[in-house]
Amino acid sequence: DNGDKVALLIAGTSADDTRRAAKAVASYSEYTFSGTEALVSGTSDTDIDVSAVEAEVVAEEEVAAEETA
């Protein structure tokens, strides 16, 4: 959040993952979003699950990303 400006990033490990996450955000009233990050998973465009990202998981992913950089 930067004053009146807000940024939203939607990214997946594949095009299907990104589409699934975008669909979940577009239909946000059907899902429970909380916090600043969410994990969207599923196997199709109709099988969508949204869950909170635990702080520990985020920290582990950041460490892994730094190790591969």
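Because the model is predicted, local features need pLDDT of at least 70 and side-chain atom pairs count only at pLDDT 80 or more, while totals for chains, interfaces and linings use all residues. Residues are numbered from 1 along each chain as its sequence is written, and side-chain values use heavy atoms, with hydrogens and water left out.

The protein contains two helices and two strands. Their order along the sequence is α-β-β-α. Helices (H or I, at least four residues) and strands (E, at least two) are DSSP runs, numbered from the N terminus. Of the 69 residues, 9% count as buried. Buried means under 20% relative accessible area, exposed means over 50%, and partly exposed lies in between (1.4 Å probe, protein chains only). The accessible surface of the protein comes to about 5700 Å². Carbon and sulfur atoms account for 50% of that surface. Areas come from the Shrake-Rupley method with a 1.4 Å probe; for residues, only the protein chains shown count as cover. Contact means heavy atoms within 4.5 Å. Among contacts between residues at least 6 apart in sequence, 14% join residues at least 24 apart.

Helix α1 spans residues 15-26 and has twelve residues. From its first C-alpha to its last, α1 reaches 16 Å, close to the 16 Å expected at 1.5 Å a residue. The expected span is 1.5 Å times one less than the number of residues. In α1, the buried residues are R20, A21 and A24. They sit on the same side of the helix, because they cover an arc of only 95° around the axis. The arc is that of the directions from the helix axis to the C-beta atoms. The buried residues of α1 pack against β1 (38-41) and β2 (49-52).

R20 lies in helix α1. It counts as buried because its relative accessible area is 6%. Neighbours within four places in sequence aside, R20 is in contact with V40, S41, G42, T43, S44, D47 and I48. I48 belongs to the loop between β1 and β2. At 13% relative accessibility, I48 is also buried. With neighbours within four places again left aside, I48 is in contact with R20, K23, A24, Y31, V40 and S41. I48 and D17 are 31 residues apart in sequence, and their C-alpha atoms are 10.0 Å apart in space.

The segment before α1 includes L8 and A11. L8 is exposed, with a relative accessible area of 65%. A11 is exposed as well, at 61% relative accessibility. The C-alpha atoms of L8 and T36 are separated by 9.8 Å, although these residues are 28 apart along the chain. A11 and A22 are eleven residues apart along the chain, with 8.5 Å between their C-alpha atoms.

The largest pocket holds about 840 Å³ of space. Its lining has 26 residues, and those closest to its centre are L9, A11, A38, L39 and V40. The elements that give two or more residues to this lining are α1, β1, β2 and α2 (55-68). On a 1 Å grid over the protein atoms alone, a pocket is an open set of points where a 1.4 Å probe fits, with protein on both sides within 12 Å along at least five of seven lines; lining residues have an atom within 4 Å of a point. Grid points are joined across faces, edges and corners, and the volume is the space filled by probe spheres set on the points.
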